[in-house]
Structures are given as structure tokens and as C-alpha cells.
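Trainee: Hi, could you walk me through this one? I'm new here.

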Amino acid sequence: MPSTSTPPAATATPSAFDVGAQWAAHNPGLDTSPMALVGLLKHATGLLSRAVEPLYAGAVLTAPEVDMLIPLRHATDPFIARSLAERLGLSRAGVSKTLGKLEKRGFITRAPNPADRRAALVTITEAGARAVDDLFPRQLAVEVGLLAGLGEDRARVTEALQRLVDVMESRAGQA
């Protein structure tokens with residue numbers, strides 16, 4: 001009698017370790033050592049995105065727009081787009097595109113920079129501040145819940161991730 005259940009291989013998603021081993025088997029000279037770490041980072045990022053996604057359904061801002069507005073929210077001086085891009089680890093083009101959308105909707109203003117005509121000064125508006133004040137605390141509550149299981153390991157994980165960021169930043173220009 002044929003089985004009506006799906007075979008395990010069809011439902012199981014291979015881990016980054018499994019995929020790395022498969023690539024290494026087919027390409028013995030290929031360095032697959034980053035795959036496990038990068039795979040875990042991508043998986044964690046995906047879990048975080050899926051957890052906060054319901055907060056942004058029908059919201060006036062998207063999660064990436066809130067991420068862009070957060071540094072502006074309590075800034076005492078305007079930012080320039082390049083500084084935002086560096087701070088957020090994003091491309092200048094992506095930041096410029098998002099800022100354009102935010103400006104059209106009244107969440108930021110851009111003014112000429114007297115020190116550099118090529119760079120505009122970016123400031124959050126009252127509408128932008130209200131939107132961030134509404135959405136960001138709710139996002140933080142979701143993140144608190146997601147990370148609560150770390151317990152005493154949280155400091156160690158944070159330290160390891162900071163080390164990872166430091167190494168990647170120091171090597172980014174060398175790639």
C-alpha cells in the first residue's frame with residue numbers, strides 16, 4: 001500500500017551545514033566555511049522580519065523606513081544621507097531612494113547643506129516623529145519577546161555579533 005505522507009526529504013529544509021557539505025563534496029576546492037555562519041545570520045534575519053511584519057501591515061511606514069527614521073528621531077543635528085547609509089550599513093542609492101519616498105509623504109525634510117552643496121541635510125518632521133513613536137516601541141516589544149530565551153547568554157551573543165561586525169567592517173573595503 002503506497003504511503004500518503006510526504007517523504008522527509010521533501011519537507012525538511014537542509015541546514016547551512018548540510019548545504020555546505022554538499023557544495024564541498026561537489027567542489028572540493030571551494031571554501032564553504034562561511035556558509036554555516038552566513039546561513040544562520042540570514043535565518044535569524046528572516047525570523048526577525050517575519051516576527052515584526054504583522055506590525056507593519058497597514059501601517060503608515062514600512063519596517064525599513066522606521067529603521068531609517070530611528071537615528072533621526074532624537075538627533076540634535078540633521079544627518080546627511082551618506083552618514084545614514086554608513087550608520088545603517090546600507091547603500092547610498094537605497095538610502096536616497098527611501099529618503100525620497102519619506103520626503104514625499106512628509107516624514108522628513110531635506111535642506112541644502114551650506115558646507116557641501118552635493119549633500120542635503122535630512123531632518124525628521126513631526127509626522128515622522130509621531131509615526132516612529134507609535135511603531136518602534138511595538139517593534140521593540142516583539143524583539144524583546146523573540147530574544148527573551150537568550151537569558152544570560154545575551155551578553156555573549158551580543159559580544160560575538162559585535163566582533164563579527166567589527167571584522168566585517170574592517171574587511172569590507174578589501175573584498
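This is a predicted model: local features need pLDDT of at least 70, side-chain atom pairs count only at pLDDT 80 or more; totals for chains, interfaces and linings use all residues.

Trainee: Thanks! What volume does the largest pocket have?
Mentor: The largest pocket has a volume of about 1,700 Å³. A pocket here is an open set of points on a 1 Å grid over the protein atoms alone, where a 1.4 Å probe fits, with protein on both sides within 12 Å along at least five of seven lines; lining residues have an atom within 4 Å of a point. Its volume is the space filled by probe spheres set on the points, which are joined across faces, edges and corners.

Trainee: How many residues line the largest pocket, and which lie nearest its centre?
Mentor: There are 37 lining residues, and L41, A44, T45, L48 and L161 lie nearest the centre. Helix α3 gives the most, with 12 residues; helices are DSSP runs of H or I, at least four residues long, numbered from the N terminus.

Trainee: How does that lining divide into nonpolar, polar and charged?
Mentor: The lining of the largest pocket has 25 nonpolar, 6 polar and 6 charged residues. Ala, Val, Leu, Ile, Met, Phe, Trp, Tyr, Cys and Pro count as nonpolar, Asp, Glu, Lys and Arg as charged, and the others, Gly among them, as polar.

Trainee: New topic: is V132 buried or exposed?
Mentor: V132 is buried, because its relative accessibility is 3%; buried means under 20% relative accessible area, exposed over 50%, and partly exposed in between, with a 1.4 Å probe and protein chains only.

Trainee: And where is V132 found?
Mentor: V132 is found in helix α7, residues 126-147.

Trainee: How many salt bridges does the structure hold?
Mentor: The structure holds 6 salt bridges, each a side-chain nitrogen of Lys or Arg within 4 Å of a carboxyl oxygen of Asp or Glu. One of them joins R138 and D134 at 3.1 Å, N to O. R138 and D134 both lie in helix α7, 4 residues apart, about one turn of the helix.

Notes
Residues are numbered from 1 along each chain as its sequence is written. Side-chain values use heavy atoms; hydrogens and water are left out. Helices (H or I, at least four residues) and strands (E, at least two) are DSSP runs, numbered from the N terminus.
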